[in-house]
Amino acid sequence: MNLLPSFTSEWFRTRVVFGVGAIDRLAAELDALGLARALLIVTRGRANDLTWLRSRLGNRIVDVCDGAALHVPIERVRAALELADRASPQALLAVGGGSAIGLAKAIALERPWPIVAVPTTYAGSEMTSVWGITEGATKRTGRNAAVAPRVVVYDPALTLPLPADVSAASGMNAIAHAVEAMYAAEASPIALAAADDALRSLSRALPAVVARPDSIDARTLALRGAHAAGVALELAAMGLHHKICHVLGGTFGLPHAPTHAAMLPRVVAFNTPAAPVAMTRIAEALGADDAAIGLAALSRSLGLTSSLRALGFDPTDVDRAAKLITDSPYRNPRAASFEDVRDLLRNAL
Ligand code: NAD
């Protein structure tokens, strides 16, 4: 049986500093690279209290861009580029979730400044060269080595304030990266190992995070899983599930992470007949008998909805979404027709 026929793998140079208290090393990390002037990038809500960061970085923060928002709207990118040009930084310091890191990536596509990322959710964008920008109702995505962060500082203590429900959904977003890496065509051994670690870490950590959001042990294991899931995302091509979520988020405005949680068990059930080896590995990593059932049970136990309707999806949009998803599909273990995707979306309503 030929389980790993061939693979192509590309690495970029990202320095990762992980551990409780790692934030105290951020200034030294910037200094070591000669990055004395950083433009801080955050979402608006988090800009109110930055004393904890300023006290550590002093005058290394030359300006603050608080325009980060879900799915990186192009208008926010244009405004951020103007601000960045005025500030003329040496580095883009993204502190937050996928939105803050995503805006930094959009700037890095246009300007030569390296990204230093301090992730505070489980989205995993900090480990990837994947960028996304939403213009009108269309989200464009791509890969570019220039947007892969130069340094990533993970401090689990920074994730303690992340609310339990946001943590749960964000964790399922990370699990989705690992799941799709497991059945990706030509995934490298490192991608598979990272995906396996991510599934083991997150499936055990997330219930503990939801039960005790202030548990630093649970937060540390969850962030470790998120890091591994980000590595898997970088090293493997994503399939039907990510395509569905990009369209539902980018075109129909559904919330990113909860949409991942609602769709993942359904897409995995659809893909199961076409990827039996991967599904066995996923189930084993989750400690379940079946991958799709295990994911559905995990999502339920975290209190996440399995209903797209509850997330704001309008039943009259099903056909348009199915068409967008199948017009330019991502490579997937099982070919998905318009009718297949329409049925998946209808069932998920
Ligand atoms: P997000 O960055 O919008 O964060 C969710 C919310 O949590 C925000 O309001 C944010 O301000 C808040 N928050 C973040 N950290 C917090 C903390 N520690 N305490 C309290 N509040 C906190 O959402 P996300 O789920 O992290 O990221 C989703 C975005 O990232 C989407 O646009 C998605 O497409 C993108 N993404 C990109 C990649 C990639 O590789 N390019 C990977 C995953 C996700």
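I began with Thr-121: one of its polar side-chain atoms lies 2.7 Å from an oxygen atom of the ligand, a polar contact by the cut-off I use (a pair of N or O atoms within 3.5 Å). The model is predicted, so I kept local features to pLDDT of at least 70 and side-chain atom pairs to pLDDT 80 or more, while totals for chains, interfaces and linings use all residues. Residues are numbered from 1 along each chain as its sequence is written, and side-chain values use heavy atoms, leaving out hydrogens and water.

Next I looked up Thr-128, which has a polar side-chain atom 2.7 Å from a ligand oxygen. For Ser-99, the corresponding distance to an oxygen atom of the ligand is 2.6 Å. The protein covers 82% of the 860 Å² of accessible area that the ligand has on its own (Shrake-Rupley method, 1.4 Å probe).

Then I listed the shell: 23 residues surround the ligand, each with a heavy atom within 4 Å of it. Thr-43 and Thr-120 are among the closest. By class I found seven nonpolar, 13 polar and three charged residues, with Gly counted as polar.

Where does the ligand sit? The space it takes is the largest pocket, with more than half of its atoms within 2 Å of the grid points. My pocket is an open set on a 1 Å grid over the protein atoms alone, where a 1.4 Å probe fits, with protein on both sides within 12 Å along at least five of seven lines; lining residues have an atom within 4 Å of a point. Its volume is about 1,000 Å³, and 46 residues line the pocket.

Terms used: Polar contact = N/O pair within 3.5 Å; in protein donor to acceptor, adjacent residues only side chain to side chain. Points joined across faces, edges and corners; volume = space filled by probe spheres on them.
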